[in-house]
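Visitor: Hi, could you walk me through this one? I'm new to reading structures.

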Amino acid sequence: MDFPSGGVVEVEVKLNAQASSALQGALGAGPKLQAAPVAGITAQSLGAPGSAGPIGVAHQLVQANDNAPQNTGPTLSGQVIQAQPAPGPLFVQLPGYGRESDAARVMARLYGMPARIVPVFGADRTLWAVNIGPYHSVEDADQALQHVLNAGMTDPEIIVR
């Protein structure tokens with residue numbers, strides 16, 4: 001597969017039950033993949049950070065049932081199928097304007113491009129970004145990014161939604 005170096009890719013994992021069962025039967029005494037057991041899970045509070053203080057009492061989070069099978073989860077086959085990623089639409093974004101009117105001035109300089117102003121919510125205030133797109137291919141997004149750079153805009157980035 002052609003993954004970008006140093007980039008992030010989206011993958012989709014699908015279970016093919018029939019092929020997985022056939023593979024599991026062919027493995028014979030080989031490894032069997034199973035979900036982790038949930039019975040007998042405990043929690044315990046710790047002392048203050050950096051102290052050698054006492055450790056709290058362990059509390060049973062899930063009651064163990066000796067009559068029930070230890071693992072009631074599905075048996076996994078371990079089969080992996082590779083498929084092309086299907087990312088969402090791509091946008092060129094000019095982020096971080098403190099006032100919506102500043103973002104509007106920037107958007108006006110991009111006349112003819114499918115641009116809109118969107119709020120970006122931060123911890124203590126709202127910033128405004130200009131999003132250009134959507135684009136449904138990397139080539140189209142790259143071309144739009146180059147157009148934005150040629151218009152003299154600084155710090156544009158391509159984002160996936």
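Visitor: Where does Asn-131 lie?
Guide: Asn-131 lies in strand 7. Strands here are DSSP runs of E with at least two residues, helices are runs of H or I with at least four, and both are numbered from the N terminus. This is a predicted model, so local features need pLDDT of at least 70, side-chain atom pairs count only at pLDDT 80 or more, and totals for chains, interfaces and linings use all residues. Residues are numbered from 1 along each chain as its sequence is written, and side-chain values use heavy atoms, with hydrogens and water left out.

Visitor: Is Asn-131 buried or exposed?
Guide: Asn-131 is buried, with a relative accessible area of 1%. Buried means under 20%, exposed over 50%, and partly exposed in between, using a 1.4 Å probe on protein chains only.

Visitor: What is Asn-131 in contact with?
Guide: Leaving aside neighbours within four places in sequence, its contacts (heavy atoms within 4.5 Å) include Phe-91, Val-118, Ile-159 and Arg-161.

Visitor: And which residue in strand 7 is the bridge partner of Arg-116?
Guide: That's Asn-131 again. Strand 6 and strand 7 (residues 126–135) run antiparallel, joined by 7 bridges; two strands count as paired if DSSP finds at least two bridges between them.

Visitor: What order do the strands of the sheet have?
Guide: The order is 6-7-5-8, in an open sheet of 4 strands with antiparallel pairing. Strand 6 (115–121) and strand 8 (157–160) are the edges, each pairing on one side only. From one strand to the next, the twist averages 40°. Such angles run from 0 to 180 degrees between N-to-C directions, with axes as lines fitted to C-alpha atoms, for helices over the stretch in contact.

Visitor: What does helix 2 touch?
Guide: Helix 2 (residues 100–108) packs on the sheet and touches strand 5 (90–97), strand 6 and strand 7. Helix 3 (residues 138–150) lies across strand 5, strand 7 and strand 8, at about 35° to strand 5.

Visitor: New topic: which residues does the cis peptide bond join?
Guide: Gly-133 and Pro-134, with omega about 15°. Pro-134 is in strand 7 too. Most peptide bonds are trans, and most residues other than glycine have a negative phi.

Visitor: Which residue has a positive phi although it is not a glycine?
Guide: Asp-155, at about 60°. Asp-155 is in the loop between helix 3 and strand 8, and is exposed at 62% relative accessible area.
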